[in-house]
Amino acid sequence: EAAISIRNLVKRYAGAKGAPGKLALDGVSFDVPRGQIFGLLGPNGAGKSTLINTLAGLVMKTSGEVAIWGFDIDQDTRNAKRAIGIVPQEVVFDPFFTPAEVLEIQAGYYGITKAARRTAELLAAVHLSDKANAYARTLSGGMKRRLLIAKAMVHTPPILVLDEPTAGVDVELRRQLWELVEELNAEGVTVVLTTHYLEEAEQLCDRIAIINHGRLIANKPTRELLSMA
Ligand code: ADP
Ligand code: ADP
């Protein structure tokens, strides 16, 4: 079974005064295989964030079917949501919370008992153990991005989804984030990421789907896709 299965997904945003608005997803179908790093590549405005936000339950699809780890997002919303961890693009942390507190609060939100929390383990996984008790306002941009990844993993989802994980970061930090994604994947996490950098998709992804104007125009193992270019 696929990690994520998407069939005929359509999203039309509402326009002004109830007029039909932008058709952001125009009948998209694909599967994300379990265990892979899957890249959703496309230019700005292609529909990548709309797709991710649909998976996250932040955008209501117009039509189509989505199953996450076998759970239909309409029928089995709670389980579907629990199977996924979302790393959004923007980093917003209360400046006076520490990484440990951010993760504890998130665990509380999921109803995870104190005994079952994995705060130290998660901080170690994203190489932030030495910053566990530092105020978020003192963290570098890269540290904040890593904390965001740990936060998305608090409920131990089998799937991690990253929206433009390296947008606007320097080369050094990009490499760090790529390594971290590979480490998590090596531990068994299925990864889906959006990007508009071909190089990022090539370096990191086992499989690449290309989206443009709300339509899927390719979906192939990275090797095959590159041999066509
Ligand atoms: P819907 O109710 O169709 O799901 P949202 O609630 O996601 O739409 O967005 C509400 C409104 O926000 C939209 O109708 C639109 O006017 C505006 N909006 C937000 N982001 C964008 C964007 N990237 N491009 C155009 N309009 C946007
Ligand atoms: P990408 O993430 O690939 O840049 P998006 O999913 O953000 O693409 O946007 C796809 C299209 O939908 C764009 O034309 C964008 O302006 C439009 N759009 C995105 N969000 C909204 C919204 N909330 N309301 C109306 N239009 C939107």
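**Ground rules.** Residues count from 1 along each chain as its sequence is written, while chains are lettered from A and ligands numbered from 1 in the order in which they are written. The model is predicted, local features need pLDDT of at least 70, side-chain atom pairs count only at pLDDT 80 or more, and totals for chains, interfaces and linings use all residues, while side-chain values use heavy atoms, without hydrogens and water.

**Entry 1: the sheet.** I began with the strand order and found an open, mixed sheet of six strands, β6-β7-β8-β3-β9-β10. For my labels, helices (H or I, at least four residues) and strands (E, at least two) are DSSP runs numbered from the N terminus. Two strands pair if DSSP finds at least two bridges between them. At the edges I noted β6 (84-87) and β10 (215-221), each with pairing on one side only. From one strand to the next the twist averages 15 degrees. Angles run from 0 to 180 degrees between N-to-C directions, with axes as lines fitted to C-alpha atoms, for helices over the stretch in contact.

**Entry 2: β7, β8 and a helix.** I then looked at β7 (residues 159-163) and β8 (residues 190-195), which run parallel and are joined by five bridges. Here D163 sits opposite T194 of β8. Helix α6 (residues 171-186) packs on this sheet and touches β3 (37-41), β7 and β8. The direction of α6 makes about 135 degrees with that of β3. Contact here means heavy atoms within 4.5 Å.

**Entry 3: T190.** Is T190 buried or exposed? T190 has 0% relative accessibility, so it counts as buried. My cut-offs are under 20% relative accessible area for buried, over 50% for exposed and partly exposed in between (1.4 Å probe, protein chains only). T190 belongs to strand β8. Leaving out residues up to four places away in sequence, I listed its contacts, among them A3, V32, P33, W69 and I159.

**Entry 4: β1, β4 and β5.** Next I followed β1 (residues 4-14), which is antiparallel to β4 (residues 63-68) and joined to it by five bridges. S5 has A67 in β4 as its bridge partner. On to β5 (residues 71-72): two bridges pair it with β4 in the antiparallel sense. I68 bridges to F71 of β5. The hairpin of β4 and β5 has two residues between the strands, and W69 there takes a positive phi near 55 degrees.

**Entry 5: positive phi in two loops.** A reminder to myself: most residues other than glycine have a negative phi. T156, not a glycine, has a positive phi of about 50 degrees. I placed T156 in the loop between α5 (141-152) and β7, and its 48% relative accessibility makes it partly exposed. H213, also not a glycine, has a positive phi of about 45 degrees. H213 lies in the loop between β9 (207-212) and β10, and is exposed at a relative accessible area of 63%.

**Entry 6: ligand 1.** Which residues are around ligand 1? I found K11, Y13 and A14, taking a residue as near if one of its heavy atoms lies within 4 Å. K11 brings a polar side-chain atom to 3.1 Å from an oxygen atom of the ligand. A14 has a backbone N or O atom 2.9 Å from a ligand oxygen atom. Alone, ligand 1 exposes 560 Å², and the protein buries 24% of that. These areas come from the Shrake-Rupley method with a 1.4 Å probe.

Conventions. Polar contact = N/O pair within 3.5 Å; in protein donor to acceptor, adjacent residues only side chain to side chain.
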